[in-house]
Amino acid sequence: MSSHHNHEPVDPTFGTVAEFDDPDALLSAAHRAHEAGFRHVEAYSPFPIHGMDEALKFDDARLPWATFLGGLGGCAIGFLGLYYTNVVDYPWNVGGRPLFSWPQFLPITYECTILFAALSAFFFQFALNGLPKPYHSIFNTPNFARATQDRFFLLIEKTDPQYDSSETASFLSGLRGVINVSEVEK
Amino acid sequence: MSVMNQTSPIPTFKRAQNVGGILFLLGVIGLGIALISGDTKAFFASFTFGFVFWMTLTLGCCTLVYLHHSIRATWSLSILRIAEAGTKALPLMLVCWLVMAVGMLSRQLYMWSNPANMAGSEVLQRKTWFLNPTTYIVLSLICFAFWILTTWRLNESSRLQDETRDQRLSENRASFAPPAGVIHVVLLTFAITLWVMSLDPYWVSTIYGVWFMIYGLRLVIALGIAVVWGLRNTRPFNELITKKLGADVGNMLLGLTMFWAYVTVSQFLIIWSANLPEEIPFYINRFTGPMVYLGGFLVIAQFFAPFLCLIGMRNKRAPHIFWRIAVWIIIASIIDMFWQITPFFKVGFLSENLLWYALDFAAFAAIGGAWVWVFASDLIKTAQRNALIPLHDTRLVDSFREVAEGHAHA
C-alpha cells in the first residue's frame, strides 16, 4: 500500500467502452475516434478486420520483423546443422553423392525456417502483449464475453489526454450502429 | 492526353490491339523466313515454345473462370473479365495446335511419332498405347471441345445475368463450375503430358501437369493485376481498387508464388535424389552452359523477388507498385517458360543456335500478337457495354463505396 493511497483515492475508472454488432460499424467508429482526437483507443473483435490496423494508427512492425529474423535464424541453423552433421561430424558416402549435397538440405532447412519463424512469432507476441496477464480491466465491460463471438467493442482509455467521462460517453453514443456505452472500472 | 482518354480504358486496349497486330506480323515474317529456308524442324521446335506459353496462359484463364464460379470470391471478381477475355483465345489456340499436330504427323516434333524410334527401346514400346498419333489427336480435340464449350457456357451465363439480373443464373453456374473444374484438371494433366512431357518420351514427372496449372493460374492473376491496377485511373477500375482488394489479390499471387516454388523444388529434389538415368537428362540439359545461370536467375526472379515484395502489406496496398510487381512476374514467367521448353530441342546456349533462339521469339511474338489482339478485342467489347466489372455482382463496387463513405464520414 502506498501512502499516496491514504490522501487521494485511486480513480477506479479504466475507460469508456462502446458495443457494436457489426464489424463495419466498429471500423468506422475507430476512424471517427481518431478524427475526434482520441489517441488511447483499442478495438476488440472476434476476428481480424481489414483496415483496422490503419484505423487505430497501429504501425508497430516489431512482431513481423521478429518473425522474419526468427525465420532467417531457423534457415541458418537448419542449413549449418545439416552441413555440420553431413560434412564435418559424420561424413558418410550415400549413393556416391558429394558430402555437401545441398539440394538434399533444402527440405529440412525449409522446415526449420517455418518452425523458428512460428515460434519466434508466438513467443514474441506473448512478450509484447505482456502475457500471461491473469487480470485485465476490459473484462469488466458488460457483455464482453461476446467479444469472441458476435459483438465488437471500442475502448477509449482514461489515460487519453482528451478523456472526459461524460463527453467521451456522449461521443461514443453518437456513433453509427452503437448498441451500448458503459464506463468500465479498473 | 484528353480527359476522355484518362477516364476510359478503351484507348489503351486499342493500343494493345495494335501492338498485338504488329507483333503478329513481325513474328509471321520471322517464321516465314525459317520455313522458306527449309529448316522445318527448327520451325516446329520454336513454335512449341510459343504454343506452350500462350496455351498455358489460356488454360490459366480457364482455371480462374471455373474457380471463380465455384467459390464466388470477391477477389476473383475483380479480374474475372480479364480471365474471360483470355478464354476467348481458345479457338486461336486450337488453330495453333493444328500446327503442332502437323509437326507430330510429319514426325518432326515428337520422337515417339516415328515408330522406328520406338522399336529400339522396350521402355518406349510399353508407352506406345498412349504415345501415338491417334491418342494425341483424339485427346487434344476432346480437351479443346471441353474447354471451349464449358467456358463459353459460363461466360455467356455471366454476360446474360448482366442483362437480366436473374439470380438463378449464378446459382446455376455455381453447380456447373465445380465438376467442370475437376474434369479440367484431369484433362489439363493429359494435355500437358502429351504436348510437353512427351517431347522427351523417356522422361516422367507426375507433378508436371500441376506445375503448368499453377504457373498458368499465377500468370493470369498477374495479368489481371497488370490490367486492372495498371488502368487504375480509368473507369470502372478507379471505382474498384481498395487496399483490402489489393491485399486479397496480392495474397493469392503470393500464395501461388510459393506454390510454384514448392512444386518446382519438389520435382527437382525428387529427381535429383533418385538420380535415375531416364529422369536426370531433363535437368542436365537445363544445367548445361549458360542455361544454368538463367535457372539460377529464375530462382530469384520467379520466387525470392516477388516473395519478398509481396510478403508485406505495403506493396499490395500501393497500386503503382503492385501492378509493377505483376508485370515483373509476367516477364519472369516468359523467361521461365523459355528455360523450361527450349532445352527439349537444343542443349546449351551455343552460338550456332543463335538464329534458332531468334526463331523462338518470332514464334512467341506471332502467337502472342494474335493472342493479345483477341484478348484486347474482347476487352473493348466488354468495355463498350460498361461491364469490365460484372454488373450482376456489385459486391466490389459496394465495398469501394462503403470505404469511400467511411473516409468521408471520418
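Arg168(B) is classed as exposed, with a relative accessibility of 60%. Its salt-bridge partner is Asp166(B), and the closest N and O atoms of the two residues are 3.1 Å apart. Asp166(B) itself counts as partly exposed, at 24% relative accessibility. The model is predicted, and the distances and accessibilities reported here are computed from it.

Arg81(B), Glu84(B), Asp162(B) and Arg385(B) are joined into one network by salt bridges that share partners. Within this group, the side chains of Glu84(B) and Arg81(B) meet in a salt bridge with an N to O distance of 2.8 Å. The two residues of this pair belong to helix 5 of chain B, which spans residues 80-87. Their positions are three residues apart, corresponding to about one turn of the helix. Glu84(B) and Arg81(B) are both buried, whereas Arg168(B) is exposed.

Charge pairing also occurs between the chains. A salt bridge is formed by Lys243(B) and Glu54(A), with 2.7 Å between the closest N and O atoms. The pair crosses from helix 12 of chain B (residues 243-274), where Lys243(B) lies, to helix 3 of chain A (residues 52-55), which holds Glu54(A). Lys243(B) counts as partly exposed at a relative accessibility of 40%, and Glu54(A) falls in the partly exposed class at 31%. Side chains of opposite charge can pair when their charged atoms come close. Over all chains, the count of salt bridges comes to 17.

For Cys75(A), the closest cysteine sulfur belongs to Cys112(A) and lies 8.9 Å from the sulfur of Cys75(A). Because a disulfide requires a pair of cysteine sulfur atoms within 2.5 Å, this separation is too far for a bond. Cys112(A) is likewise in no disulfide, its nearest cysteine sulfur being that of Cys75(A), 8.9 Å away. The two cysteines fall into separate accessibility classes: Cys75(A) is partly exposed at 31% relative accessibility, while Cys112(A), at 18%, counts as buried. The assignment of Cys112(A) follows from the cut-off, because buried means under 20% relative accessible area.

How values were computed:
Residues are numbered from 1 along each chain as its sequence is written. Chains are lettered from A and ligands numbered from 1 in the order in which they are written. This is a predicted model: local features need pLDDT of at least 70, side-chain atom pairs count only at pLDDT 80 or more; totals for chains, interfaces and linings use all residues. Side-chain values use heavy atoms; hydrogens and water are left out. Buried means under 20% relative accessible area, exposed over 50%, partly exposed in between (1.4 Å probe, protein chains only). A salt bridge is a side-chain nitrogen of Lys or Arg within 4 Å of a carboxyl oxygen of Asp or Glu. Helices (H or I, at least four residues) and strands (E, at least two) are DSSP runs, numbered from the N terminus.
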